[in-house]
Amino acid sequence: MRVTKKVIPVALIGVVATFTFAVPAGAHIEPYPSSVKPGSTNTVEFGIEHGCDESPTTKLAFQIPKGATKVTPQGATGWIGEVTGRVVTFTGGPLDANTSRKIGEIEFTAPKKTGTLYWKVVQTCEVGETRWVSKSEKADHPAPAIKVGKAKKKESDKRPDEWDL
């Protein structure tokens with residue numbers, strides 16, 4: 001009886017700690033930098049952390065968010081960027097499913113209003129696709145987000161070391 005009274009509280013503490021200190025999943029298509037000043041012209045690099053399950057990536061299509069203007073893409077080595085309507089497409093590769101690297105850059109002028117630009121992305125792989133379109137950071141497939149406001153340098157704004165440039 002005494003063992004049960006001790007085990008239950010310890011188990012409850014473990015469960016509470018797990019949910020209290022759990023870190024929400026970050027995006028797997030990352031922008032660098034992740035914040036820009038209102039009305040400024042910026043070049044943002046986008047990197048990808050993985051393919052679709054175990055399938056290599058061959059294409060990324062970014063929906064240009066409302067407010068972003070004068071959009072020009074530049075593909076990284078082995079990738080071509082182009083704009084068609086309100087979509088920036090990077091094609092190339094294929095990029096190994098387990099390789100993290102920069103896919104390309106998008107130059108754009110940020111809106112004058114503060115807020116968040118969600119760059120919804122469809123990642124196409126040799127087999128299947130992944131839709132990075134959720135505005136929730138806690139989602140399994142969050143859209144890359146760029147804050148428009150007072151740009152602050154922070155640890156998350158550092159270019160990932162693992163990007164194969």
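Predicted model: local features only at pLDDT ≥ 70, side-chain atom pairs only at ≥ 80, totals over all residues.
Visitor: What order do the strands have in the open sheet?

Guide: The open sheet has 4 strands in the order E1-E3-E8-E5, with antiparallel pairing. Strands here are DSSP runs of at least two residues, labelled E and numbered from the N terminus; helices are runs of H or I with at least four residues. Two strands pair if DSSP finds at least two bridges between them.

Visitor: Which strands stand at the edges?

Guide: Strand E1 (29-32) and strand E5 (69-75) do. Each has a single partner strand, so one side of each is left without a neighbour in the sheet. Neighbouring strands of this sheet are turned by 25° against each other on average, direction ignored. The axes behind that angle are lines fitted to C-alpha atoms (for helices over the stretch in contact), and angles run from 0 to 180 degrees between N-to-C directions.

Visitor: How many bridges are there between E3 and E8?

Guide: Strand E3 (residues 41-48) and strand E8 (residues 101-109) are paired over 8 bridges, in the antiparallel sense. In that pairing, glutamate 45 stands opposite glutamate 105 in E8.

Visitor: And what joins E10 to E11?

Guide: Strand E10 (residues 121-125) runs antiparallel to E11, with 4 bridges between them. Threonine 124 stands opposite glutamate 129 in E11. The hairpin of E10 and E11 has 3 residues between the strands, and glycine 128 takes a positive phi near 90° there.

Visitor: Which residues are on the covered face of E11?

Guide: Thr130 and Trp132 form the covered face of strand E11 (residues 129-132), while Glu129 and Arg131 are on the uncovered one.

Visitor: Switching to the core. Which residues touch the most other members?

Guide: In the largest nonpolar core, which has 24 residues, they are Ile29, Phe46, Phe62, Ile106, Phe108 and Trp119. The elements giving two or more residues to this core are E3, E4, E7, E8 and strand E12 (145-148). A nonpolar core is a set of buried Ala, Val, Leu, Ile, Met, Phe, Trp, Tyr and Cys residues joined through side-chain atoms within 4.5 Å. Buried means under 20% relative accessible area, exposed over 50%, and partly exposed in between (1.4 Å probe, protein chains only).

Visitor: What is phenylalanine 108 in contact with?

Guide: Leaving aside neighbours within four places in sequence, its contacts include Val44, Ala68, Val71, Leu117, Trp119 and Ile146. Contact means heavy atoms within 4.5 Å.

Visitor: How many aromatic pairs are there?

Guide: A search of the whole structure finds 4. Ring pairs link Phe46, Phe62, Phe90, Phe108 and Trp119 into a cluster. Rings of Phe, Tyr and Trp (its six-membered ring) pair if their centres lie within 6.5 Å; planes under 30 degrees apart count as stacked, over 60 as edge-to-face and the rest as tilted.

Visitor: What about aspartate 53, buried or exposed?

Guide: Aspartate 53 counts as exposed because its relative accessibility is 73%. Its place is the loop between E3 and strand E4 (57-63). Lysine 70, in strand E5, has a positive phi near 50°.

Visitor: Last one: what does threonine 116 touch?

Guide: Threonine 116 touches Ala145, Ile146 and Lys147, not counting residues up to four places away in sequence. Its side chain makes a polar contact with the side chain of lysine 147 (3.4 Å). A polar contact is a pair of N or O atoms within 3.5 Å; within protein, one must be able to donate a hydrogen and the other to accept it, and residues adjacent in sequence count only if both atoms are side-chain atoms. Threonine 116 is in strand E9 (residues 115-118) and, at 28% relative accessibility, counts as partly exposed.

Notes
Residues numbered from 1 in each chain as written. Heavy atoms only, no water.
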